[in-house]
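Here is a friendly walk through the model shown below. We start with a sheet, go on to the fold and the contacts, and finish with a few backbone details.

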2 protein chains.
Amino acid sequence: MKNYLVMTKKEMTAELKSLMEEYELEKAKGHKLDMSRGRPDPTQLNLSMGMLEQNPYDLIYTRKGTDVRNYGQLEGIDEARELFADFLGVKAENVFIGGQSSLFLMYDCLIKALVLGVYGGSKPWGQQGPLKFLCPVPGYDRHFRMCQEFGIEMINIPTSPTGPDMELVKQYVESDPSIKGIWCVPKYSNPGGITYSPETVEAFAALKPAADDFRIFWDNAYMAHGFRQNDDYLVNIFDACKKYGSEDMVYEFMSTSKVTFSGAGIAVLAASKNNIDFLLKQIGVQTLGYDKLNQMRHVRFFQNADGIRAHMKKQADYLRPKFDCTLAALDSGLDATGIGRWTRPNGGYFISFDGLPGTAKRCVQLCAEVGVKLTDAGATFPYGIDPEDKNIRIAPSFPSTPELYSSIKIFCLCQRIAALEVLLSREA
Amino acid sequence: MKNYLVMTKKEMTAELKSLMEEYELEKAKGHKLDMSRGRPDPTQLNLSMGMLEQNPYDLIYTRKGTDVRNYGQLEGIDEARELFADFLGVKAENVFIGGQSSLFLMYDCLIKALVLGVYGGSKPWGQQGPLKFLCPVPGYDRHFRMCQEFGIEMINIPTSPTGPDMELVKQYVESDPSIKGIWCVPKYSNPGGITYSPETVEAFAALKPAADDFRIFWDNAYMAHGFRQNDDYLVNIFDACKKYGSEDMVYEFMSTSKVTFSGAGIAVLAASKNNIDFLLKQIGVQTLGYDKLNQMRHVRFFQNADGIRAHMKKQADYLRPKFDCTLAALDSGLDATGIGRWTRPNGGYFISFDGLPGTAKRCVQLCAEVGVKLTDAGATFPYGIDPEDKNIRIAPSFPSTPELYSSIKIFCLCQRIAALEVLLSREA
């Protein structure tokens, strides 16, 4: 394989012709492969079946004697709050357990902020005219969709391997009171797989927002999802905030969607006592309590934070080969061509791929036509608009290893075609 | 016991003195009784333990082969939609399964209407200036609290044994576009235990709202909760609506909170295809799906609508004696006095008690001081204000039968004291 960037026009034309022949052969195979979403594989889900096999009579009573089958315990059962407090490095009083997914909790916090306001804010966000959120890119499409749904303007913030451009973040947040929040996936980010450096976390904690009701949406979805020997290190943002007295600025989210069951996990919000108390008053109007039996299932299954970590090691053993396979296929399929760069994360669910500008949409389309489904090009940017049309999120978790290898082989083929088309069009 | 209403002042004074002596004796006993909320009793909850004892491997796959442990099936699994469609008398496509409580779903529908609007509406409710809801009284405090939280003005609608005053409802709804909804508990209402007559349901279906985005919040929480031989008959509101083409006007809610587990049930919304499709688009921004494992647990446990009905017969056998005990204690403690009227429901969770005007708060306070906790006086009215201060909600489900008997005995004593105080103050 040759570096495409130094090929002559003639070489490129010949290469494209040969690739198109290969592509037609793949098309004829009738593939049906899906790398579009970060879904756990059934085998991964099986790792948590023990949680469901517990004797249900062991799950009924909390240590205080509360019957989890009945109403109450709005904030979550003590045992669950303690488990996740331990895991997140906060106090139990700073933990709220609610609902089945953290996405859901984020939505809830967002819509409540709009209609009812947040702790310390002078009035609800929705009564303050046009609102803005900062969006480190590439990022998580479902964060962006929420802002879009609520008509919140999104501003792209470039991201480097240490995290978002904090000078830019500071400049925006400290000058513009209409900026109400920022979306962060601080560890093994979606899709980049990067982890914010201690300096980045410190810079977040040190922010002095122009708005009195600004919130950092700290979506720590993958904090437990390291799959290599060396786990990335993320500073506990609440520890960093202590120095600045800025704890009220942070909502931290996590869930067990990718720890136990994506379809039946529990979600966790960690926040300052002020925020938790304020939110509980709002949540108390909404429900008499979330599913406590499922909280108890998780508590009894994991026992403590080490239990979660041990469980995640099993998941790691399962995910690592999938990432290794994907990376190997990318290396052999593209490395020499010089037409793409991709992340090599130590954890999380995704690989972020940057091709030549103007290739992402075309590559996703080419893949789709051969039966390989990828996340939509542009999805990793607000409004689905990747300004350079080059980023693609690769989700290796769900396909089996053979499927994965086939999928990435096809992906590389399509990238090469798309790159050659772009390079040739430049020549024209 | 004598009729208090025909007593002389002297007789009343003597009676009050004797009752106060009795009251002091009760006080000394240090009671700790709670009739404040409609909580199921542990024995009732035990009836559903079979749901948790199912082999978890039997719960994983839907008949289409979908793995319920993974993401997806936003609208609920087919089997669950069919089960509750069958039970509610609608089509599966008209059913959405989401979350752990119907209160939660109502809140969600309400806040989404405010921020995002409803199907057929020209803009979100929240962008239309002051809003109003009609509130049949006495009613469910948690409905009213939601309106209060969102600053929606509430208008009391008197209720008779056939349902809300439909002439008044029609007059409001058809003349005022700022009226966006009405709260209804159409069967075994909370707290009255009444069931809307066929004429009432028909009148609802026939409404021609001034607002293009008016919704009936049809909280059918107790539809399965008849506990006598003769179950009340409620017309299926969607059947009634067909005649008028008004199906889009209704959101019907139910849950299994008082069928299986109050702390771990599933919630159901039935609505027109237009409403369901519109809501699913909104819900798709919020979550990737609700807890499908719990849906499957319910499906496999009940099998079909008859399964739910058979299960509810067991609950009925359990609740009926509690209501009978409560009614007997009320009869013997108050009937002759002429100072109160109470409902004799065929189902549901509550008895609604009307004392003499000006006695409810005093009675609840007297009860509290002897250690008998009741729902706050006024709670059954918007803003917690009972204009006549006479209604008290009695919730007989949670206490054991001996506790119940003691509680009602004390309740009668306190009612008599409060009534005599009021009657004597009239004399003064």
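Two strands count as paired when DSSP finds at least two bridges between them. By that rule, and in what is a predicted model, eight strands of chain B form an open sheet in the order 2-9-8-7-6-3-4-5, with mixed pairing. The edges are held by strand 2 (95-97) and strand 5 (163-164) of chain B; each has a single partner strand, so one side of each is left without a neighbour in the sheet.

Now step back to the fold of chain A. This chain has 14 helices and 13 strands, and its C-alpha trace spans about 75 × 55 × 35 Å along the principal axes. A compact globule of 428 residues would have a radius of gyration near 22 Å, and the 23 Å of chain A agrees with that. Of the 428 residues, 57% count as buried. Among contacts in chain A between residues at least 6 apart in sequence, 77% join residues at least 24 apart.

How is chain A divided into domains? Domain 1 takes in 4-45 + 310-427, and domain 2 covers 61-303. Their centres, taken over C-alpha atoms, are separated by 31 Å. The contact between them draws 25 residues from domain 1 of chain A and 28 residues from domain 2 of chain A. On the domain 1 side, helix 12 (305-334), strand 11 (351-355) and strand 13 (391-394) of chain A each supply at least two residues. Helix 12 of chain A gives the most, with six residues. By class, that side has 14 nonpolar, eight polar and three charged residues.

The two chains also touch each other. Their contact takes 41 residues from chain B and 41 residues from chain A. Several helices of chain B give two or more residues to its side, among them helix 2 (42-46), helix 3 (49-52) and helix 10 (273-286). Which element of chain B gives the largest share of that side? The answer is helix 5 of chain B, with six residues. The class make-up of the chain B side is 22 nonpolar, ten polar and nine charged residues.

Last come the backbone details. Most residues other than glycine have a negative phi, and most peptide bonds are trans.

| Site | Feature | Value |
|---|---|---|
| B:Val137 to B:Pro138 | cis peptide bond | omega about -5 degrees |
| B:Asn190 to B:Pro191 | cis peptide bond | omega near 5 degrees |
| B:Gln303 | positive phi | about 70 degrees |
| B:Asp389 | positive phi | near 50 degrees |

B:Pro138 is in the loop between strand 3 (132-137) and helix 6 of chain B, while B:Pro191 is in the loop between strand 6 (179-184) and helix 8 (198-205) of chain B. B:Gln303 lies between helix 11 and helix 12 (305-334) of chain B, and B:Asp389 between strand 12 (372-374) and strand 13 (391-394) of chain B.

B:Asp389 is buried, because 21 other C-beta atoms lie within 10 Å.

Technical notes
Residues are numbered from 1 along each chain as its sequence is written. Chains are lettered from A and ligands numbered from 1 in the order in which they are written. This is a predicted model: local features need pLDDT of at least 70, side-chain atom pairs count only at pLDDT 80 or more; totals for chains, interfaces and linings use all residues. Domain bounds come from an automatic or database domain assignment. Two residues are in contact if their C-beta atoms, placed from the backbone, lie within 7 Å. Helices (H or I, at least four residues) and strands (E, at least two) are DSSP runs, numbered from the N terminus. Ala, Val, Leu, Ile, Met, Phe, Trp, Tyr, Cys and Pro count as nonpolar, Asp, Glu, Lys and Arg as charged, and the others, Gly among them, as polar. The radius of gyration is taken over C-alpha atoms; the globule rule is 2.2 Å times the number of residues to the power 0.38. A residue is buried if 20 or more other C-beta atoms lie within 10 Å of its own, exposed if 12 or fewer, and partly exposed in between; C-beta atoms are placed from the backbone.
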